Amino acid sequence: MSDRKTAIVTGSTSGIGLATAHALAAAGNNIVVNSFSDKAEDRAIAEKIAGKHGVEAVYMQADMSKPDECRALVERTNERFGTVDIVVNNAGIQHVSPVETFPTEKWDAIIAINLSSAFHTTAAAIPHMKRQGSGRIVNIASAHGLRASPFKSAYVAAKHGIVGLTKTVALEMAESRITCNAVCPGFVLTPLVEVQIADQMKANNMDRETAIREVILKKQPTREFVTVEQIAETVVFLCSPAAEQITGTTISVDGGWTAQ
Ligand code: NAD
């Protein structure tokens, strides 16, 4: 056991979660790296984070579509480190399809991974945070938590839902020194978005550059991708003493998308 703080980042073997795990480690926190895949590469990520930042980092496999595994991830973290100080609910998937033909199994998976997992980890973490007298919960929502786009019914519903969950948890925890906030990124160039770029190139018969500028970044006024590091540093800020009185809100990092 160490006296460092302990942060769980769900879905942290790729993209925003991976950058957030590194940034929270650089800020001196022990890290639980999570994904459902349980590969040698996943364990190597935890070893790399520990070596690079001089903290303890462990990989814990848990499928965020399964309520019991979400809750067990929190309990296993507490058993391993003796505290659960920060939970970043980041794991997420996407599927794009018209609502009338949206596959039910994709709807269920998106609601489970992008929304319900945060309910389960939050419910499991709060007793530990209350016992410790402090805690930080950061939900990675999306500009789609505040605005809609066609063909993303499940994703938009889940992300609006997580913004509502964020506000409710913040109010319930307001006198317990536990904050709960949501970060709302615009488009960030990660594997989740690479799939959408490839789909748009095919659907519109466009080259990559045109598909990015004219379709993907059409709603993002800067016409530039947000970087994973910019999201990660926003999470670090929300976990810092400066953010002690920030709770129940959304922070947009979206190149001006939701100003429209
Ligand atoms: P990504 O595909 O690069 O990473 C997703 C991570 O989630 C991976 O580590 C993957 O292993 C994990 N994951 C997926 N299903 C899981 C499951 N069932 N159990 C455990 N882990 C699982 O995606 P990303 O772009 O980094 O997205 C991270 C979060 O940021 C998501 O919630 C996404 O909705 C949100 N977001 C992304 C963007 C963007 O433009 N990339 C914009 C707004 C919000």
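**Figure 1. The ligand in the largest pocket.** In this predicted model, the ligand takes up the space of the largest pocket. Around the ligand stand 31 residues. The closest of these are Ser14, Asn90, Tyr155, Val188 and Thr190.

Figure 2. The side chain of threonine 190 places an N or O atom 2.4 Å from an oxygen atom of the ligand. For valine 188, a polar backbone atom lies 2.7 Å from an oxygen atom of the ligand. Threonine 13 again uses its side chain, with an N or O atom 3.0 Å from a ligand oxygen atom. On its own, the ligand has 830 Å² of accessible area, and the protein covers 92% of it.

**Figure 3. Helices and a strand around the ligand.** Helix H1 (15-26), helix H5 (153-172) and helix H6 (191-204) each give at least two residues to the shell around the ligand, as does strand S2 (30-35). H6 supplies the largest share, three residues.

**Figure 4. Residue types in the shell.** Of the residues in the shell around the ligand, 16 are nonpolar. Another 13 are polar, and two are charged.

Notes: Residues numbered from 1 in each chain as written. Predicted model: local features only at pLDDT ≥ 70, side-chain atom pairs only at ≥ 80, totals over all residues. Heavy atoms only, no water. Near = heavy atom within 4 Å. Polar contact = N/O pair within 3.5 Å; in protein donor to acceptor, adjacent residues only side chain to side chain. Areas by Shrake-Rupley, 256 points an atom, 1.4 Å probe, with all protein chains shown as cover. 1 Å grid on protein atoms, 1.4 Å probe; cavity = no way out; pocket = protein on both sides within 12 Å on 5 of 7 lines; lining within 4 Å. Sits in = over half its atoms within 2 Å of the grid points. Helix = DSSP H or I, 4+ residues; strand = E, 2+ residues; numbered from the N terminus. Nonpolar A, V, L, I, M, F, W, Y, C, P; charged D, E, K, R; others polar.
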